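Please look at the sequence and structure below before reading the points.

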Amino acid sequence: MKKLLIVIDMQNDFVHGVLGTKEARAIVPTVCKKVKEYQQKGDLVLMTKDTHDHNFANTQESKGLPEHCKIGTPGHDIIVELAGVDCMMSNKCSFTSIEFAQEIMMLVKKESVQQIELCGLCTDVCVVSNALVIKAALPEMKVVVDQNACAGVTPQKHQAALDVLQSCQVVVV
């Protein structure tokens with residue numbers, strides 16, 4: 001069975017930078033181990049990068065968050081522990097998008113993927129929104145989120161997002 005691991009936004013700004021948390025730093029070894037396991041089994045790995053440009057101040061996202069993951073800054077880079085991983089990359093300019101779901105749908109069809117797993121940051125923002133848009137686009141696909149390889153903005157928001165995911169038929173392990 002071919003699987004796809006989507007590693008959401010394991011970038012410097014979310015781990016060590018302006019939006020970093022101790023919970024984000026704590027999942028780094030688990031995410032690294034998961035990526036290695038997928039690659040050793042010959043499964044697919046795709047990493048997303050939250051990507052903003054000089055126009056960030058004019059976005060809805062800027063009203064609730066400080067500037068982060070700006071192109072050309074160290075905060076936009078994937079964390080050093082995952083920087084050398086040979087995998088697919090996808091830049092996204094918001095939490096998720098219909099275009100990202102379409103990208104995943106084409107990849108699933110091309111590679112005959114039978115299961116999609118998500119991990120990364122932040123459970124209550126980008127992980128939940130990406131898992132739900134993928135589940136909506138591919139309702140019969142088994143979509144899994146590893147709660148130990150994700151961290152939310154707070155532990156309470158992490159748990160709330162996991163509860164929502166389970167309600168929407170996403171498997172939380």
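The side chains of K92 and D50 form a salt bridge, with N and O 3.9 Å apart; a salt bridge here is a side-chain nitrogen of Lys or Arg within 4 Å of a carboxyl oxygen of Asp or Glu. K92 is in strand β3 and D50 in strand β2, so the pair links parts 42 residues apart in sequence. Salt bridges with shared partners join D9, D50 and K92 into one network. This is a predicted model, in which local features need pLDDT of at least 70 and side-chain atom pairs count only at pLDDT 80 or more, while totals for chains, interfaces and linings use all residues. Residues are numbered from 1 along each chain as its sequence is written, and side-chain values use heavy atoms, leaving out hydrogens and water.

**Salt bridges**
- The count by this rule is four salt bridges.
- K92 also pairs with D9, the closest N and O atoms being 2.8 Å apart.
- D9 lies in the loop between β1 (2-8) and α1 (12-15), so its pairing with K92 ties together parts 83 residues apart in sequence.
- D146 and K34 form a salt bridge at 2.9 Å, N to O.
- D146 is in strand β5 (residues 142-151) and K34 in helix α2 (residues 22-40), so this pair connects parts 112 residues apart in sequence.
- Helices (H or I, at least four residues) and strands (E, at least two) are DSSP runs, numbered from the N terminus.

**Burial**
- Both K92 and D50 are buried, meaning under 20% relative accessible area (1.4 Å probe, protein chains only).
- D9 is buried at 0%.

**Around M47**
- M47 is in strand β2 (residues 44-50) and is buried at 1% relative accessible area.

Methods: Buried < 20%, exposed > 50% of the residue type's maximum accessible area, 1.4 Å probe, protein only.
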